[in-house]
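Work through the exercises below with the coordinates open. Each task is followed by a stepwise solution.

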Protein chains: 2
Amino acid sequence: MNDESTKERILLTAGPIFAKNGFQATTVREISEAADVNLASINYYFGDKQRLYVEVIKAARDNQSGQMSFSAIPSEAPPNMLLEKFVAILLRKLGVGIEPDWQMQLLVREFLHPGEACQEIVEAYFRPYFEMLLKIIDRLANVPLTSAVRLQLGFSLIGQCLHYRLAGPIIHMFVEKVEWEENFGTEELARHIAQFTIGGIAAVVSRAEPTVNRN
Amino acid sequence: MNDESTKERILLTAGPIFAKNGFQATTVREISEAADVNLASINYYFGDKQRLYVEVIKAARDNQSGQMSFSAIPSEAPPNMLLEKFVAILLRKLGVGIEPDWQMQLLVREFLHPGEACQEIVEAYFRPYFEMLLKIIDRLANVPLTSAVRLQLGFSLIGQCLHYRLAGPIIHMFVEKVEWEENFGTEELARHIAQFTIGGIAAVVSRAEPTVNRN
DNA sequence: ATTGCAGTTAAACAGTTGTTTAATAGACTG
DNA sequence: CAGTCTATTAAACAACTGTTTAACTGCAAT
């Protein structure tokens with residue numbers, strides 16, 4: 001049994017547990033038992049619990065970087081369709097309506113309570129996809145936007161998607177069961193969010209560009 | 001020193017601490033020290049830590065119910081203005097751009113990780129204001145909407161506002177300092193979100209009501 | 001004066017937690 | 001073969017955590 005196997009096994013086991021429990025509520029005993037390694041191995045390989053966590057975060061980031069691929073979307077497609085596809089993929093990755101993989105769950109946790117690895121994650125992972133979204137927004141707007149407006153449009157869309165991920169149980173309380181099943185699947189939500197956002201962009205653009213008279 | 005004073009003091013002291021740390025990371029020793037009461041008092045008055053937490057949540061709810069008042073908004077005002085005012089107030093209550101009071105901070109924590117008091121909070125606190133938002137949306141839409149569409153429109157607005165609250169530090173990483181100061185104050189965000197949402201509503205309505213030809 | 005109750009308290013308790021220690025075994029090198 | 005290094009391990013350690021216990025005080029009622 002070589003060192004890569006034990007160390008690797010700890011990493012792979014710790015990920016889902018940290019994702020489920022968060023850092024504070026996860027014990028090194030739970031991890032060691034689940035990984036079937038001795039308790040002291042964690043300190044041997046990682047130094048302490050916090051450093052294990054940081055390594056797990058980095059592993060989650062590295063694992064996700066190659067997977068949240070939007071290459072399935074043809075870039076010559078109309079921007080409306082681009083946006084809807086982007087939203088659908090984002091909702092799925094966030095785990096709306098399905099169980100998210102632990103990497104994304106962990107990244108969302110880190111996102112909400114930024115720790116020492118956060119800056120890195122943002123640059124390596126979130127920014128490329130946010131830039132992609134901003135490009136879609138540029139095409140939808142069809143006029144030059146100030147940086148601030150452009151960012152705010154991006155955040156407006158991300159906020160809608162995140163809401164379904166973060167407040168899922170609460171949202172569930174406001175929606176009847178039948179209604180939920182018919183109207184709140186991932187595709188339906190993606191359609192709604194995309195439509196809403198397209199309208200939102202048009203409204204903000206028409207306000208931001210006084211020389212364009214749309215009425 | 002009567003019992004109301006000690007019990008009350010524990011409650012008032014525990015609130016901000018639970019809000020800052022969350023339930024798991026808050027120790028009864030921290031609370032008892034901060035409240036300057038004996039450790040055993042917490043068990044004496046509340047039975048255990050979990051029950052103290054539930055009482056604190058209820059106190060936060062009761063404290064907020066009377067305070068998130070939208071009565072400053074004249075109900076005969078145009079719906080556009082109603083919406084913008086609603087958003088501005090909501091952002092402020094969520095603590096966007098300012099330090100939230102501990103009650104709202106605690107309620108948001110509960111919102112993200114629903115516990116045993118959650119159903120009650122939703123009914124007592126969130127639903128009334130959500131219903132108010134839905135009425136504003138009705139007026140903006142100006143046609144009858146299905147329940148699902150109506151709810152989704154409401155969630156789209158709430159999601160945008162919550163995003164600024166929950167992901168504030170991450171958002172801050174995407175925005176230049178100057179830009180942040182000029183364009184991301186509460187009033188600016190409220191204007192953006194309101195405009196975006198008005199446009200979004202119009203777009204969704206025009207899709208949801210095929211007999212309305214807007215082009 | 002005695003008893004009962006409520007409130008307060010320090011200490012003790014039992015369990016939990018992350019970390020450290022020291023021993024052991026295996027592999028490799030000179 | 002001896003020494004060194006790495007990996008593994010059980011036990012111990014020290015601190016922390018929520019809870020319980022028993023003693024004490026003050027007050028009110030009899």
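**Exercise 1.** Find which backbone oxygen the side chain of R165(B) reaches.

Solution. 
- Step 1. The side chain of R165(B) reaches the backbone oxygen of L94(B) at 2.7 Å.
- Step 2. Helices are DSSP runs of H or I with at least four residues, numbered from the N terminus.
- Step 3. List its contacts (heavy atoms within 4.5 Å). Leaving aside neighbours within four places in sequence, R165(B) touches L94(B), V96(B), P100(B) and Q105(B).
- Step 4. Look for a charge partner. R165(B) is buried yet has no salt bridge. The nearest side chain of opposite charge, E99(B), is 7.2 Å away.

Terms and model: buried means under 20% relative accessible area, exposed over 50%, and partly exposed in between (1.4 Å probe, protein chains only). A salt bridge puts a side-chain nitrogen of Lys or Arg within 4 Å of a carboxyl oxygen of Asp or Glu. Lys and Arg count as positive, Asp and Glu as negative; His and the chain ends are not counted. This is a predicted model: local features need pLDDT of at least 70, side-chain atom pairs count only at pLDDT 80 or more, and totals for chains, interfaces and linings use all residues. Residues are numbered from 1 along each chain as its sequence is written, chains are lettered from A and ligands numbered from 1 in the order written, and side-chain values use heavy atoms, without hydrogens and water.

**Exercise 2.** Determine which residues make the contact between helix 5 and helix 8 of chain A.

Solution. 
- Step 1. Helix 5 (residues 79-94) and helix 8 (residues 147-166) of chain A pack at about 35°, with axes 9 Å apart.
- Step 2. Helix 5 of chain A contributes L83(A), F86(A), V87(A), L90(A), L91(A) and L94(A). Helix 8 of chain A contributes L157(A), I158(A), C161(A), L162(A) and R165(A).

Axes are lines fitted to C-alpha atoms, for helices over the stretch in contact; angles run from 0 to 180 degrees between N-to-C directions.

**Exercise 3.** Characterise the salt bridge between K20(A) and E30(A).

Solution. 
- Step 1. The closest N and O atoms of K20(A) and E30(A) are 3.7 Å apart.
- Step 2. The pair links distant parts of the chain: K20(A) in helix 1 (residues 3-25) of chain A and E30(A) in helix 2 (residues 28-35) of chain A, 10 residues apart.
- Step 3. K20(A) is exposed at 54% relative accessible area; E30(A) is partly exposed at 28%.

Key
Polar contact = N/O pair within 3.5 Å; in protein donor to acceptor, adjacent residues only side chain to side chain. Helix = DSSP H or I, 4+ residues; strand = E, 2+ residues; numbered from the N terminus.
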